[in-house]
Amino acid sequence: MVRLRGVRVHNLREVDVDFPRDALVAVTGVSGSGKSSLAFGTVYAEAQARYLESVAPYARRLIDQAGAPDAREITGLPPAVAFQQARGAVQARSTVGTVTALSNSLRLLFSRAGTYPEGAERLDSDSFSPNTPAGACPACHGLGRIHEVSENSLVPDPGLSIREKAIAAWPGAWQGKNYRDILATLGYDVDRPWRELPQAEREWILFTDEQPVVTVHPQREAGRIQRPYQGTYQSARRYVLHTLATTQSTALRNRALQHAEVLPCPACGGSKLRPEALAVTFAGADVAELAALPLSVLAAKLRPEQDGEVARVIVADLLARIEALTELGLGYLPMDRTTPTLSAGELQRLRLAATLRSTLFGVVYVLDEPSAGLHPDDTRALLRVLDRIREAGNSLVVVEHEPEVIRHADWLIDVGPGAGEHGGRVLHSGPLAGLADAAESVTRTHLLDPPAPVGRHRVPTGRIELRGVSLHNLVETDVDFPLGVFTAVTGVSGSGKTTLVTGVLAAAVRDHLGATRPDDEDEPEELVARHVREITGLEAVKRLVEVDQRPIGRTPRSNLATYTGLFDGVRKLFAATAEARERKYSAGRFSFNVDGGRCDTCQGEGAVAAKLLFLPNSYAPCPVCRGARYNPETLEIHYRGRSIADVLAMTVEEARDFFADVPAVARSLDTLRDVGLSYLTLGQPATELSGGEAQRIKLASELQRTRRGRTLFVLDEPTTGLHPADVEVLMRLLHALVDAGNTVVVIEHDMSVAAAADHVIDLGPGGGDEGGAVVAAGTPAEVANAGTGRTAPYLREALGDPS
């Protein structure tokens, strides 16, 4: 047994708990109850601290250490391996191969055992990577695609004249007028309809690389004198491509993309690599061709190709890695699939397979919600993998909310009963059956006697009809989204849910409303019109709100208080105190993002980065402000006895009581509490938030605004990281949005959510090439009885029909 005594980590209060080794141990409880403090802050931190005692002091300082936990005694603990939820966003150059390290082995295989053209020099492995200068195609810089334009994309309405803004790709305001005035000065007829201009003139205006400089005499406007100036012409093509290559503005980039086409690079044919790398083959194919094969097909192609010692060793490594992925149901993914196009469940399993593939013995794996983002059918595949790890002589401590995983565990530790200061106690430690005696446990009800889902059976007020959707694995798919109701889109990971909902539905509404994307990710978004034959019903939606799991910020500067806007109200309160007015401190003085009040050493981040040569930067508390973010003079200002740093250290629950009589701040705190985030501190950096927490913060930011109605809310797995009790609270909020005249569409794997929806759209039947079809649509009962998809049996069970 592993014995923990007197644990005092975060909100854990003198906790004593035992759990067996060589077993699957589930740690449960509501969000913020202390589960992670027990599993990661105690078990893993202690195992790491013991290991580091054997590491040389010089090497030890280069390792990101969790620190020894505050506990009276810990015995029986084996070495530990941690697998936590990934923080941050994925990038366009990240692929299935890079995440799993498969690409490293494949590149090594081509470098050492590939068939080279006669007389060709042997290449190193970097030459087969599109992410290195040695391997990347110089024309597309290793992206495999280029942006190109055509007359139709630059001039959508040839019936207009140049003065009437026929060249829609040009910028608005003064710059567009400048280009039109230059053309007039050069002698072009800017008042003649575009289609009537000679072809040669149209070609030069749109595509020339020349940049003539002329003296422009603008037309005088009433009451204004405009002096002549030197104007430089830039063709529409040059403007669009220059904008795409240089702009940092998401809005400008998206506007330029509307007038460009994303095409395979003509130099490398989309392979991303130089000709020298593509000339090398293995098993009769080049490296790009093998990377494009589904992993299961790639394994079958490589299996017979093991002639020679080098090829045998490398191919064996590749096959072992692919087997781990196939066992988790990911055999349909190709190695070159970019991670931004993957669902959360697919990405989670990729990282899990890469971490758990090792053949360690006698260690404890500490896992953070490994079932997050998984369909119930995929969860069963995960459980088989976890069982195999345990049977190999290892222990598993799993922080979990998924009932099926918890019921499958050998031992259950339930922490609670509430979050923050209302949690931190072990309510039950033992087999699942003993949980029935834990009177305070919130988990008990949902595991042993789950409440039946309550459907609303609302009548749609209209519908958005999509016809002929063809994107990724969706091929000529027709689907209707009813308006004014709660719709759940279900299906196994990789079935096409994210593509349909965020890649098509949300993008179509965004284009219709003239809005821009809510993010700045590198992966380009093409016009929805290119992927849908016909769309109707968009006019019924007046506003779009997208709530996904992308981080609310990429640096510690972004946090819960700044993102929701409540910090603006807090800073004004501090600026209004008598001492602040006496010192002439404005609200800006209490911002850690501007000079004046912030700590000069850490520039308001509260931490300083230690550059560790080839390792990622490590952050340590600022030695001057000790994490407070502000300089001493600013911290001397108090509001009701608390400094601005004290406020940032408050939990949402503490702050709600502290600011109860300040409506502007209390309203934001109420919504954060309503979405189950009462345990977070106001200053918790965005980089420390899980995807589920980031999504709920975004939802809270929307809920605190004035309700408008006729809004489409699109949510991507909003129950990720939520205890079933927290899911109930979230569902009440989402149903309230529908009752207020809005439409809610959620991508979900939680069958309790699907069972309580008005409408269900089930995609499948499988993932990848085996998915992309609507296998059933209708009420939860209709989809459950359809029996054609892998969701049906689990939905029937959630509806109370175990058959």
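Between which two strands does the loop that holds Pro417 lie? Pro417 sits in the loop that runs between strand 12 (411-416) and strand 13 (425-430), where helices (H or I, at least four residues) and strands (E, at least two) are DSSP runs numbered from the N terminus. The model is predicted, so that local features need pLDDT of at least 70 and side-chain atom pairs count only at pLDDT 80 or more, while totals for chains, interfaces and linings use all residues. Residues are numbered from 1 along each chain as its sequence is written, and side-chain values use heavy atoms, with hydrogens and water left out.

**Overall form**

- The secondary structure of the protein comes to 30 helices and 24 strands, and the C-alpha trace spans about 90 × 85 × 65 Å along its principal axes.
- The radius of gyration, taken over C-alpha atoms, is 29 Å, which agrees with the value near 28 Å that a compact globule of 803 residues would have; the globule rule is 2.2 Å times the number of residues to the power 0.38.
- Of the 803 residues, 52% count as buried, a term that means under 20% relative accessible area, with exposed meaning over 50% and partly exposed in between (1.4 Å probe, protein chains only).
- Among contacts (heavy atoms within 4.5 Å) with a separation of 6 or more, 68% are made by residues 24 or more positions apart.

- Helix 13 (residues 309-327) has 19 residues and reaches 27 Å from its first C-alpha to its last, close to the 27 Å expected at 1.5 Å a residue, the expected span being 1.5 Å times one less than the number of residues.
- The buried residues of helix 13 are Ala311, Ile314, Val315, Leu318, Leu319, Ile322, Ala324 and Leu325.
- An α-helix has 3.6 residues a turn, so residues three or four places apart point the same way.
- Just after helix 13, Gly329 takes a positive phi of about 80°.
- Leu102, which belongs to helix 4 (residues 102-113), counts as buried because its relative accessibility is 0%.
- Not counting residues up to four places away in sequence, Leu102 touches Gly97, Leu295, Leu318, Arg321, Ile322, Leu325 and Met335; for Leu102 and Arg321, a sequence separation of 219 residues goes with a C-alpha to C-alpha distance of 7.1 Å.

- Ser31, in the loop between strand 3 (24-28) and helix 1 (35-52), is buried at 6% relative accessibility, and its contacts beyond four places in sequence include His401, Ala419, Tyr679, Arg696, His723 and Asp726.
- Arg202 lies in helix 7 (residues 199-207) and is buried, with a relative accessible area of 13%.
- Leaving aside neighbours within four places in sequence, Arg202 is in contact with Glu151, Trp194, Arg195 and Leu197.

**Backbone geometry**

- A cis peptide bond, with omega about 5°, joins Gly416 and Pro417.
- A cis peptide bond also joins Gly764 and Pro765, again with omega about 5°, and Pro765 is placed in the loop between strand 23 (759-764) and strand 24 (773-778).
- Asp22, although not a glycine, has a positive phi of about 55°, and its place is the loop between strand 2 (15-19) and strand 3.
- Lys272, in the loop between strand 9 (261-264) and helix 10 (275-278), has a positive phi near 80° without being a glycine, and Lys272 is buried, with a relative accessible area of 18%.
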